[in-house]
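Subject: Structure handover

Hello,

Here is the structure for you to look through. My notes on what turned up follow below it.

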Amino acid sequence: MKALIYLGPNQKALQERPRPGITAPTDAIVKITRTTICGTDLHILKGDVPTCQPGRILGHEGVGIVDLVGSGVTEFKPGDHVLISCVSACGKCTNCRRQMYSHCATGGWILGNSIDGTQAEFVRIPHADMSLYPIPKGADEDAMVMLSDILPTGHECGVLNGRVAPGASVAIVGAGPVGLAALITAQFYAPGQLIMIDLDEARLELSKRFGATATVNSGDGQAAAAVMRMTDGQGVDTAIEAVGIPATFELCQEIVAAGGTIANIGVHGKKVDLHLERLWDRNLCITTRLVDTSSTPMLLKTLCSHRLDPKPLITHRFKFDQILDAYETFANAAKTRALKVLIEA
């Protein structure tokens, strides 16, 4: 089969690899029909994720058709159309029983990280009964790809951890796919202000279509001052960091109100300064999280009831043999205006 291989920092290639096989009774083999590229994949290519070693097939998002199942799989059979969760969970260990699936003793975020992932024609899914979701008949499978990772990530790591509440003021730093997913799902909780901050004017304009009440272009270095003016000098109740670089986390520290929450989503590959000399008396909560996908069933129902439409996040489409072009497009989003690239079999 063809697969996208991580060869080391800043190196990747489309190569032939053997098809995966069943290695445990709880495994399923899924034929990929649609996958995508995540910002985390770009972090891997920069060398920011040391758990991902050269030779790994990348990717942790996608939908497909079950090809084979192990003897211990009870919920799925060959031919089933399934959504692949970016997090694999046994459902039995201590952390899974706390719904902290991202820290499953034998799973977590392993696809495209410590085991081969979804940017291939076939993928092995461990703990298939807990790590796959049946796709309802007639559901839009393009939109379903957005439920693998970015929507639960934006919702859980940003909105839930950020304690977004009715009437609250929220600033999201980073109008990329995950930041926009946080913007979309924050509206479940009716905040009073939804301020989107980014360098890219095109993404800020798109944010307004997705529900932002205000936007701030941070290119002039005056984003914090602008947010303070919008909030009568108080700052925001929730500041969501959705980029993963020191400057954006710094900005969150500057704009959060007393008693507020900074919710980190971004994957950080460099150290970030925490300014306790300014924040020690501010009654703040700072949260970090790897998505657990515990909200995926709710999001799936919301999508199927047409209360949630993530499909406009898809800006570019490629066939699988064009995946290197897809990476080029996604990595140069400022020029290509890419959000999510859909890669089809």
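Strand E1 (residues 2-8) is largely enclosed by the rest of the structure, because 5 of its 7 residues are buried. Buried means under 20% relative accessible area, exposed over 50%, and partly exposed in between, with a 1.4 Å probe and protein chains only. Helices (H or I, at least four residues) and strands (E, at least two) are DSSP runs, numbered from the N terminus.

Two points on provenance. This is a predicted model, in which local features need pLDDT of at least 70 and side-chain atom pairs count only at pLDDT 80 or more, while totals for chains, interfaces and linings use all residues. Residues are numbered from 1 along each chain as its sequence is written, and side-chain values use heavy atoms, with hydrogens and water left out.

Back to E1. Two strands pair if DSSP finds at least two bridges between them. E1 runs antiparallel to strand E2 (residues 11-16), and 6 bridges join them. Ala3 has Gln15 in E2 as its bridge partner. The two strands form a hairpin with 2 residues between them. Asn10 in that turn has a positive phi of about 65 degrees. E1 also pairs with E4, again antiparallel, over 2 bridges.

Next, Glu61. This residue lies in the loop between strand E4 (56-57) and strand E5 (62-69). Glu61 counts as buried because its relative accessibility is 1%. Contact means heavy atoms within 4.5 Å. Leaving aside neighbours within four places in sequence, Glu61 is in contact with several residues, among them Arg34, Cys38, Thr118, Asp149 and Lys340. Its C-alpha atom is separated by 35 Å from that of Gly235, 174 residues apart along the chain.

Now the open sheet. It has 6 strands in the order E11-E10-E9-E12-E13-E14, with parallel pairing. Strand E11 (214-217) and strand E14 (285-287) stand at the edges, each with a single partner strand, so one side of each is left without a neighbour in the sheet. Neighbouring strands are turned by 15 degrees against each other on average, direction ignored. Axes are lines fitted to C-alpha atoms, for helices over the stretch in contact, and angles run from 0 to 180 degrees between N-to-C directions. Strand E13 (residues 256-264) and E14 are joined by 3 bridges. Thr261 has Cys285 in E14 as its bridge partner. Helix H7 (residues 201-209) packs on the sheet, touching strand E10 (193-198) and E11. The direction of H7 makes about 170 degrees with that of E11. H9 packs on the sheet too, and the strands it touches include E12 (236-241) and E13. The direction of H9 makes about 155 degrees with that of E13.

Last, two helix pairs. Angles under 35 degrees count as roughly parallel, over 145 as roughly antiparallel, 65 to 115 as roughly perpendicular and the rest as oblique.

The axes of helix H8 (residues 223-230) and helix H9 (residues 246-255) come within 9 Å and cross at roughly 30 degrees. H8 and H9 are therefore roughly parallel. Ala223, Ala224, Val227 and Met228 in H8 meet Leu251, Glu254 and Ile255 in H9.

Helix H1 (residues 39-46) packs with helix H12 (residues 323-331) at about 95 degrees, axes 11 Å apart. That makes the two roughly perpendicular. In H1, Gly39, Asp41, Leu42 and Leu45 meet Tyr327, Phe330 and Ala331 of H12.

Best wishes
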